[in-house]
Amino acid sequence: MPNISEKEIVAIGNVLNDEGRPLKERFRALFTLKNIGGSIAIEQIRKGFKDKSALLKHELAYCLGQMQDPLAISILIEVLKDDKQEPMVRHEAGEALGAIGDMSVIPLLDQYSKSLIPEIAETCELALKRLKWLQSNDCEENLLKSPYMSIDPAPPAETTDVHNLKKTLLDENKSLFDRYRAMFALRNLQTPDSILALSEGLKAGSALFRHEIAFVLGQLQEEISIPYLQASLEDIEENEMVRHECAEALGAIATPDCLQILNQYLQDSKQVVRESCVIALDMCEYENSLEFQYANTLTKIKA
């Protein structure tokens, strides 16, 4: 990212926080701010938590976590505590606090791991275990390096045996942390067998678990997973958090079939699903373009 002035960063923030702009432009502005980083970018992202779109606010929290800047901690704590925010937004704030890796949030995560909202409780439990794992594995930081340049909510398991990893992944008697470790190990293997094992996870466990499976399949961008993602997106009884993540995964895979599927859900009854399909179609356009990185240019989004 070239040197960018404070005025330019604020201009990008103005696009992010302009409810009159198309959602896809606002998302591109958000990811541009994420790539720029620093206090001014974080402040522009903070302003977005007043928005009406749960999907956008969810992505704001995700980006703050991926930036791993301690300056975002107070913002994320406020969001996690705010019971007026949607559960999918608060869950993402909890995950982001775990991603930043600051041990000072352990008491707060412990408190919210007992939340009556399952997505929040499970997320904070995972974030708590991630931080405790970090505390006791200082010499194993290489395990946290994702091939997808993401900060994951759990380190991958160390085994590469697909059968055993799948068994752990689908075993609801195992801890969520161990199942997530199996999930990320299967992702990192990137084989047809490992991808099919992950795809079976779309019908297992909690909504939080299934939503993370969909996210991982989006990272893999393999056509073999399309029928599984399509089935979950089409299931109107499925949690909207899962359906939204399936839509975005299809957008990342970006085949003509994905384009056709996504267009069918632009008028879905759930706002977060409709908006996810809009963003996913923009991702399809990006994946089939010559752009080096999503939202890597400022010319499209400057005010």
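Analyst: **A close look at one site**

His-91 is found in helix H6, which covers residues 87–100. Helices here are DSSP runs of H or I, at least four residues in length, numbered from the N terminus. The model is predicted: local features need pLDDT of at least 70, side-chain atom pairs count only at pLDDT 80 or more, and totals for chains, interfaces and linings use all residues. Residues are numbered from 1 along each chain as its sequence is written, and side-chain values use heavy atoms, leaving out hydrogens and water.

His-91 has a relative accessible area of 0%, so it is buried. Buried means under 20% relative accessible area, with a 1.4 Å probe and protein chains only.

Now its contacts. A contact means heavy atoms within 4.5 Å. Leaving aside residues up to four places away in sequence, His-91 touches His-58, Glu-119, Ile-120, Thr-123, Leu-208, His-211 and Met-241.

Follow the contact to His-58. This residue lies in helix H4. Its relative accessibility is 2%, so His-58 is buried. With the sequence neighbours up to four places away left out, His-58 touches Met-88, Val-89, His-91, Glu-92, His-211, His-244 and Glu-245.

An unreviewed UniProt entry places a "binding site" at His-58, Glu-59, His-91 and Glu-92. These residues are spread over 35 residues of sequence, yet they cluster in space, with a largest C-alpha distance of 11.2 Å. UniProt annotations may be inferred rather than shown by experiment.

Note on methods
Helix = DSSP H or I, 4+ residues; strand = E, 2+ residues; numbered from the N terminus. Buried < 20%, exposed > 50% of the residue type's maximum accessible area, 1.4 Å probe, protein only.
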